[in-house]
Structure formats: structure tokens, C-alpha cells
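Notebook open, structure loaded. I'm jotting down what I look up as I go.

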Amino acid sequence: MTSKITYEDVEVGTELPVQTFSVTRATLVRYAGASGDFNPIHWNEKFAKEVGLPDVIAHGMFTMAEAIRVVTDWTGDPGAVVEYGVRFTKPVVVPNDDQGALIEVSGKVAAKLDDNTVRVDLTATSDGQKVLGMSRAVVRLG
Amino acid sequence: MALDQSFVGRTYPPTEPYEVGREKIREFAEAVGDANPVYTDPEAAKALGHSDVIAPPTFVFSITFRAAGQVVEDPQLGLDYSRVVHGDQKFAYRRPVRAGDRLSVTSTIEAIKSLAGNDIIDIRGDVHDEAGELVVSALTKLVARAADVEEGA
């Protein structure tokens with residue numbers, strides 16, 4: 001495993017580059033196929049509204065997959081991720097238009113741990129709402 | 001109705017091996033829009049010390065969640081899946097999943113709680129390779145919302 005960031009490079013409070021991810025209905029259909037999660041709340045507006053949702057929502061696991069990219073793009077090697085966890089707090093609502101929704105993710109080094117690892121705390125928001133809570137990754141640096 | 005606490009600690013039989021293919025990893029990486037070549041180019045993966053292309057960190061959920069179906073659909077446990085939402089998800093990795101892996105999942109019920117009428121169940125899926133080595137553990141918290149609560153989350 002080879003991280004392009006070294007342990008000595010970072011301090012508690014070091015900020016990772018912010019990224020914004022776009023998600024449209026087409027993104028969700030594609031993710032459903034790739035992941036095997038065909039729950040209709042992620043592609044069928046009528047069904048989503050019948051179960052009390054405002055509209056079609058993104059797969060929580062899609063948001064989780066995007067958020068860790070802030071870490072893996074920073075280190076270069078996704079194999080350096082040792083732990084990763086999130087809480088799904090609010091759904092990402094995806095309207096039926098060309099714009100879809102945006103998920104903005106930022107990350108900050110929260111602790112320097114043993115064995116060249118650091119804990120990164122992530123913040124993910126969509127439409128001004130925090131969509132992930134307790135979002136943390138432990139990653140091994142070079 | 002609260003779930004039976006005696007199910008805590010119950011372990012289900014390991015699943016039949018899932019063979020991780022390069023093209024399935026590519027499909028997943030493209031679906032999340034991640035162009036990191038370590039997912040698609042074996043040479044790029046080797047340059048980082050991996051023996052073949054590796055999978056994005058959350059890829060393994062498709063495998064562990066299917067395995068968790070043994071728990072979710074256990075008629076003796078009696079979880080009402082129509083009311084279940086995904087609460088938390090965690091992964092603890094020993095090494096990344098890579099193409100060519102044959103992965104088997106053993107699911108264990110770690111905890112059962114009842115909170116304000118909601119049933120909360122923690123399922124751990126330990127993912128082992130063909131050599132029997134632990135690759136990753138997935139911790140999935142499912143919340144079965146109380147039948148009389150109307151909310152969209």
C-alpha cells in the first residue's frame with residue numbers, strides 16, 4: 001500500500017480537498033444495477049411518495065461510496081483505508097431533472113493514531129442538510 | 001413487538017463463495033464515477049503493491065448485505081423487513097478486496113435493542129477469502145421502525 005501523503009505531512013486539523021458529487025436519476029439507475037440494490041425508492045417516484053418520501057432518494061450506500069473518495073483521492077491508494085463508517089441521517093433527494101442533486105463532502109484530520117494511521121472526519125451535505133453523521137475513516141499514510 | 005434477545009450472538013452458516021471479477025469492479029467504479037486506475041488497470045494496481053485491481057471500499061457491501069438476508073429473512077427472528085431502514089454502516093479492513101478473490105461471509109447478530117418502539121439490530125458480516133483469512137468485517141445497523149410511526153427517512 002502506497003499513500004502519496006506521508007504521516008509527517010499532516011497535523012490534526014489538516015483539511016482535505018473538498019469535492020462535490022452530482023447525482024441524477026440516471027446515476028441511481030446505474031448504481032442500482034452495479035450494486036444489485038433495486039429498491040424502488042431509488043428510481044420510482046410514485047412508489048417513493050407512497051411510502052412517505054418527498055421524492056426519489058439516493059442509495060445511502062451511494063453517498064457512502066462518494067464520501068470516501070475525498071480520502072482515497074487524497075491518499076491515492078484506496079487500499080490504505082483501514083476503517084470506514086457512517087450514519088445515514090437524512091436522505092439525498094434526487095429530483096427528476098438534468099441537474100439532480102449535489103453532495104458536497106469535506107474532510108479534516110481529527111487524530112493522529114499509531115502505525116502511521118490518521119482518523120479523518122468527513123462531512124457530507126446535500127441541499128443544506130447533513131446527510132451523513134459520525135462519518136469517519138482511518139487511513140494509513142506513507 | 002420487540003425482537004427476541006436470545007438471538008444475540010447467533011451465527012449463520014457461511015455463504016457460498018462470491019467470485020470477485022475485474023469487470024464487476026469496473027462496473028461498480030464507473031457507477032460511482034470513480035476514475036482511479038487502481039480499480040480498472042492491473043498495472044496501476046501493481047504499482048501500488050496490489051496483485052490485481054482492487055475494489056472500491058464500499059463494494060463489498062453488495063456481498064455482505066446479501067448474506068445478511070439470512071438474518072433478515074429468518075422466520076424465527078421475525079423482523080418486519082418492510083419497515084427496515086439502514087441506520088449505520090461500518091467496515092474494518094484487513095486488506096482491500098481484489099479481483100480473483102473468492103469471498104465467503106459469516107453473519108452474526110451482534111446486538112438487538114428496542115428504542116421507542118423501533119427494533120434495532122446490529123449484524124456483523126465477516127468476509128473470508130479462500131485461504132480462510134479475514135479480509136473485511138462489515139457492521140450493518142438496521143432499524144425496523146415502529147408500525148405506528150409515519151416518517152420518511
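This is a predicted model: local features need pLDDT of at least 70, side-chain atom pairs count only at pLDDT 80 or more; totals for chains, interfaces and linings use all residues.

**Helix α3 of chain B**

I started with what the buried residues of α3(B) pack against: α3 (60-67) of chain A, plus β1 (18-19), β2 (84-93), β3 (102-115), β4 (118-128) and β5 (134-144) of chain B. Those residues are B:F61, B:I63, B:T64, B:F65, B:A67, B:A68 and B:V71, in a helix that covers residues 61-72. Buried here means 20 or more other C-beta atoms within 10 Å of the residue's own, exposed means 12 or fewer, and partly exposed is in between, with C-beta atoms placed from the backbone. Helices (H or I, at least four residues) and strands (E, at least two) are DSSP runs, numbered from the N terminus.

Residues are numbered from 1 along each chain as its sequence is written, and chains are lettered from A and ligands numbered from 1 in the order in which they are written.

**Chain B overall**

I looked up the elements and found three helices and five strands. From the N terminus on, they run β-α-α-α-β-β-β-β. The C-alpha trace of chain B spans about 55 × 35 × 20 Å along its principal axes. Of its 153 residues, 37% are buried. For contacts (C-beta atoms, placed from the backbone, within 7 Å) with a separation of 6 or more, 70% join residues 24 or more positions apart.

**Where the chains meet**

I checked the interface next: 30 residues of chain B are in contact with 32 of chain A. On the chain B side, α1 (22-31), α3 and β2 each give two or more residues. The largest share, eight residues, comes from β2(B). That side divides into 14 nonpolar, ten polar and six charged residues. Nonpolar covers Ala, Val, Leu, Ile, Met, Phe, Trp, Tyr, Cys and Pro; charged covers Asp, Glu, Lys and Arg; the others, Gly among them, are polar.

What does β2(B) pair with? I found β2 (residues 81-88) of chain A, antiparallel, over five bridges; strands pair if DSSP finds at least two bridges between them. A:E83 has B:A92 as its bridge partner.

**A look at A:L141**

A:L141 sits in the segment after β6 (132-140) of chain A. I call A:L141 buried because 22 other C-beta atoms lie within 10 Å. Leaving out residues up to four places away in sequence, A:L141 touches A:S3, A:I5, A:T6, A:Y7, A:V10, A:T75, A:N116 and A:V118.

Technical notes. Two residues are in contact if their C-beta atoms, placed from the backbone, lie within 7 Å.
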